[in-house]
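I opened this notebook to keep track of what I looked up, entry by entry, for someone who has not seen the structure before.

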Amino acid sequence: MSDIKGPPPATSADDAHLRVLGYEEQFDRKINLWSNFALGFLYLSPLVGVIALFAQGLSTGGPPSIWWIAIVAAGQLLVALVFGEIVSQFPISGGLYQWARRLWNGRYAWGLTWIYIAGVIIGITTTAMFSADFVAALIFGSASDPGASSTPGERLIIALVVVAIALALNATGSKTLATIAKIGLAAELAGVIAVGLFLLLFRRQNSVSVLFDTMGTGHGSGYPTAFLAASLTGLLLFYGFEACGEVAEETPNPGRTIPRSMALTVVVGGASAFLAYAGYILAAPNLPEIVTGKATNPVPEILQNSLGTVGTKAFLVVALTSFLACVMGQQAAASRLIFSFARDGMFPGSTLFSRVTRWAKVPLTSLLAVNVIPIGLFVFLYFVPDALFRVAAFQMLAGYVAFQMVVLASIRARARGWIPAGRWSLGRWGWPVSVAAITYGIFSIVLLAKPAADTQLAFYDRWVALIGFLIVAAVGVCYMWFAKPYRHSAAPEGDAIEIANRLRELRTTAAREHPSTDDDQYDIEIERTLNA
């Protein structure tokens, strides 16, 4: 080994690690730390989430609904830390699917992924639909009516246009995705932090004490019930950090970069969302009307009162940039997940969906496929526009179940002797963080599955999130029972302990051969061993 002149490019070590895991490099590694963080941050999108959920949260639980942002951020940070340990050992495109497969087996991973794909695809639907009112406010809003709402027909057209633009940009490759992610990140930070601080410092209409004032919400069944119902304020906001891992094969040094990106996404996203939500509450001139539900699109009205017409229009442009970038991130994550699923022969039409274009190095067929169901849902929401929040609740229930299936798989593997061997680890904190993460996850799933508080709704309407989830899960189970797709794949599975031991052994050899080199040289030793 004495002939080493210097470390080869980082991607050589990354490709070597990938080959240890059983795959060859097919993507360009053009998504660096900040682009990866930007992708997760935009998928989480605090600006989009706060704008979409502000009126719903206040009308359900009053100003104290803001505290759900802090509660859920803390819980999801635990989940992100667990994911960070896993992705550091298994930096493979496909994220949750690959992690579950390697920690447990192909059958378990298939069920998880079926559920998760449904959640991510519906996420494309809800984000595009939530953007419609802000396009309407940008185009039709005026000083006298800044919060102009869109009609069902306008929402349908706007959502289709947003999805089409995002799809066209995504099809040009990872470099475009990284660039748009950076632009979107700048727009998010300006729209959330800058505007939130401006409202708090210069346009405050209400006292800080109002954040603890229920303002009459929950008077019928008691405030604890109303506060629990307002949990959607946080639960619908904090997802997307896992998207950082979906593009692991397009990210240099993913074993370190992606765990950092995930944690940053939750921490910065949570702080930004809390700041923006507080800013809107304290700057709202008509807060009682928002709480009683009379003001259904209050954010443009608050901005008009605080920033004027020009400032409001500028903010709406920033917001729509974030909506577009968020849809792009969701499309990218879903398409990489289907690609990874198909590459292992686990998805219907695997040969078709595992193709990567030569010119842009993107799984174009998978990218196109993830937009088919959203188009159908756009039509459904045209006829049933009031179902949007309940569709979003199903989306998050599917996502949270998939998240906790990964956490459960990691706990099972840890109990069987798995000691994570990635370049980022929780060490002795692995067990307590994992147990706390799954405890939080179960609590969240119960909140998402419970029926809507409005007892006047029909049974199926109150339970739509759980019913939708059970239908998706049942279809997946039936397909898995008859087609047995997990038998079609020879991809590695259930080898977390074996891979950890192999990585540890190779790095120990590298440390002995090159005691003065840094950690990068250890991954380089993997490549040399494989080539030998």
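**Entry on the domains.** I noted at the outset that this is a predicted model, and I keep that in mind for each entry. I looked up the domain assignment of the protein, and I found that it gives domain 1 (29-493) and domain 2 (497-526).

**Entry on the core.** I turned next to the largest nonpolar core, which has 166 residues, and I wrote down those with the most contacts inside it, namely Phe54, Phe83, Leu96, Trp99, Tyr280 and Ile281. This core lies between domain 1 and domain 2, because both of them give residues to it. I kept a general remark beside this, that in soluble globular proteins nonpolar side chains tend to be buried together.

**Entry on the cavities.** How many cavities of 30 Å³ or more are there? I found that the count comes to 5 cavities. The largest cavity has a volume of about 170 Å³, and of the 18 residues that line it, I noted Gly49, Thr127, Phe130, Leu236 and Tyr239 as the closest to its centre. I then asked which helices take part, and I found that helix 2 (33-44), helix 3 (46-61), helix 6, helix 15 (298-343) and helix 19 each supply at least two residues of the lining of the largest cavity. Among these, helix 3 provides the largest share of that lining, with 4 residues. When I sorted the lining of the largest cavity by class, I got 12 nonpolar and 6 polar residues, and no charged ones.

**Entry on the second largest pocket.** I looked at the second largest pocket as well, and about 650 Å³ of space lies in it. Its lining is made of 27 residues, and I marked Ile122, Ile373, Leu377, Phe394 and Val472 as those that lie nearest the centre of the pocket. At least two residues of this lining come from each of helix 6 (106-130), helix 18 (372-383), helix 19 (388-415), helix 21 (459-462) and helix 22 (464-483). Helix 22 gives the most to the lining of the second largest pocket, and I counted its part as 7 residues. By class, I recorded 24 nonpolar, 1 polar and 2 charged residues in the lining of this pocket.

**Entry on helix 7.** I looked for buried positions in helix 7 (residues 132-140), and I found that Ala132, Phe134, Val135, Ala136 and Ala137 are buried there. I also checked what lies against them, and the buried residues of helix 7 pack against helix 3, helix 6, helix 8 (152-170) and helix 15.

Is arginine 101 buried or exposed? I placed arginine 101 in helix 5 (residues 96-103), and I count it as buried because its relative accessible area is 0%, which is under the 20% that sets the limit for buried. Not counting residues up to four places away in sequence, I found that arginine 101 touches Gly106, Ala109, Asp344, Met346, Ser489, Ala491, Pro492, Glu493 and Gly494. I then went to leucine 112, which lies in helix 6 and is likewise buried, with a relative accessible area of 0%. By the rule that sets aside residues up to four places away in sequence, leucine 112 touches Leu96, Tyr97, Ala100, Ala402, Met405 and Val406.

**Entry on two lysines.** I ended with lysine 361, which has a positive phi of about 55° although it is not a glycine. I located lysine 361 in the loop between helix 16 (350-353) and helix 17 (364-369), and at 28% relative accessibility it counts as partly exposed. For lysine 484 I noted a positive phi near 45°, again in a residue other than glycine. Lysine 484 is found in the loop between helix 22 and helix 23 (496-513), and at 25% relative accessibility I list lysine 484 as partly exposed.

Technical notes: Residues are numbered from 1 along each chain as its sequence is written. This is a predicted model: local features need pLDDT of at least 70, side-chain atom pairs count only at pLDDT 80 or more; totals for chains, interfaces and linings use all residues. Side-chain values use heavy atoms; hydrogens and water are left out. On a 1 Å grid over the protein atoms alone, a cavity is a set of points where a 1.4 Å probe fits but cannot get out, and a pocket is an open set with protein on both sides within 12 Å along at least five of seven lines; lining residues have an atom within 4 Å of a point. Grid points are joined across faces, edges and corners, and a volume is the space filled by probe spheres set on the points. Ala, Val, Leu, Ile, Met, Phe, Trp, Tyr, Cys and Pro count as nonpolar, Asp, Glu, Lys and Arg as charged, and the others, Gly among them, as polar. A nonpolar core is a set of buried Ala, Val, Leu, Ile, Met, Phe, Trp, Tyr and Cys residues joined through side-chain atoms within 4.5 Å. Buried means under 20% relative accessible area, exposed over 50%, partly exposed in between (1.4 Å probe, protein chains only). Domain bounds come from an automatic or database domain assignment. Contact means heavy atoms within 4.5 Å.
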